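Thanks, everyone. Let me take you through one structure, and please keep the view open while I talk.

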Amino acid sequence: MRSLMRLARNTDSGAGASGRRPARKRPLVERARSTRPPAGNGRHPRPLAIHVREVTKTYELGQIKVRALRSVSLQIERGDFVAIMGSSGSGKSTLMNILGCLDIPTTGSYLIDGVDVSSLDEDDLSDLRSRKIGFVFQSFNLVSRTSAIANVELPLAYAGLDRATRRQRAAEALGAVGMANRLDHQPSELSGGQQQRVAVARAIVTNPTLILADEPTGNLDSHSTEDVLRIFARLNAEGRTVVLITHEPDVAEQAKRVVSLSDGKIVEDRRVTAVHEAPRVLRNLKSAHHSTDVSGPEAQP
Ligand SMILES: Nc1ncnc2c1ncn2[C@@H]1O[C@H](COP(=O)(O)OP(=O)(O)O)[C@@H](O)[C@H]1O
Ligand SMILES: [Mg+2]
């Protein structure tokens with residue numbers, strides 16, 4: 001992956017060899033605004049967070065070609081909570097890597113918040129990834145022998161914030177996932193569910209609008225799975241777009257929409273809950289406890 005990005009940088013920018021960069025274009029946010037389709041065209045009352053257009057991805061391994069995605073088209077509105085389902089090898093991670101701008105399609109195009117990512121240089125892409133997108137992975141990907149709070153602070157390292165502010169923001173993010181009492185624990189001193197909550201805190205510390213999670217509950221027991229799903233639901237209720245990859249039907253049913261992939265193609269696309277409604281797990285919680293407390297795991301003893 002990293003080598004691909006390096007390749008993209010060297011071929012795209014033309015300035016890669018000298019290390020000097022051309023003058024920066026207009027800021028990304030401004031361009032996003034100007035390329036957004038005019039409001040009120042009737043088709044999409046809410047702006048699209050994600051617009052995948054006839055994307056294919058073919059991996060070439062010597063003579064062998066693996067067609068991981070075959071003309072996938074997908075539109076995701078802002079504020080939606082979408083599960084992408086499919087068996088192993090169906091192309092879920094390939095799609096996720098494209099959605100997260102970690103990889104590029106072989107053909108087709110991808111627009112994020114109205115911006116065609118193929119028009120962005122490597123600087124813009126890393127800018128976009130670090131400011132707009134929070135990633136969560138199955139294997140947590142925490143830095144070992146490093147405290148929870150230091151792990152969560154990492155994405156803020158380049159944001160130009162002073163140390164005290166970084167600490168405070170990281171502590172807040174850990175509080176939001178019920179880990180306020182584990183700030184100084186290292187990954188090896190935490191359960192799988194707790195490690196994943198730290199990873200979610202790391203994903204949200206930059207306040208991204210889009211959360212991409214690839215099998216985030218794949219290594220968790222059912223109790224921790226519920227905790228993590230409740231956190232995603234709450235992040236979604238706060239207005240973030242959430243895309244969650246899973247091969248478990250129970251997990252997918254917690255989303256507002258379920259998209260199924262098979263052999264690199266979308267074979268089903270089903271709405272479970274309207275975009276503007278609260279995610280199911282939060283509504284169940286409210287009716288079960290007659291309470292509006294959706295504060296998640298930290299509310300547990
Ligand atoms: N880097 C790669 N090189 C070659 N083939 C790959 C690569 N990544 C994934 N594949 C292949 O693409 C297909 C889809 O993989 P993937 O997106 O990881 O599926 P899933 O996440 O649904 O299990 C599989 O057949 C897999 O073997
Ligand atoms: Mg996968």
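Helices and strands here are DSSP runs, numbered from the N terminus; a helix needs at least four residues and a strand at least two. And note, this is a predicted model.

Start with E215. It sits in the loop between β7 (210–214) and α8 (222–237). Is E215 buried or exposed? Buried, because E215 has 21 C-beta neighbours inside 10 Å, and the cut-off for buried is 20 or more. Who touches E215? Leaving out residues up to four places away in sequence, the contacts are Q138, I245 and T246. E215 and E248 are 33 residues apart in sequence. In space, their C-alpha atoms are 9.0 Å apart.

Next, ligand 1. The residues around ligand 1 are Y59, L61, V66, A68, G86, S88, G89, S90, G91, K92, S93 and T94. Which elements supply at least two residues each? β1 (48–61), β2 (64–77) and α3 (92–99) do. The largest share comes from α3, with three residues. By class, the shell has seven polar residues, four nonpolar and one charged.

Last stop, helix α4, residues 122–132. Buried there are L128, R129 and K132. These three cover an arc of only 105° around the axis, which puts them on the same side of α4. The background is simple. An α-helix has 3.6 residues a turn, so residues three or four places apart point the same way.

That's the tour. Questions, please.

How values were computed. Residues numbered from 1 in each chain as written. Chains lettered and ligands numbered in written order. Predicted model: local features only at pLDDT ≥ 70, side-chain atom pairs only at ≥ 80, totals over all residues. Buried ≥ 20, exposed ≤ 12 C-beta atoms within 10 Å, placed from the backbone. Arc of directions from axis to C-beta. Near = placed C-beta within 6 Å. Nonpolar A, V, L, I, M, F, W, Y, C, P; charged D, E, K, R; others polar. Contact = placed C-beta atoms within 7 Å.
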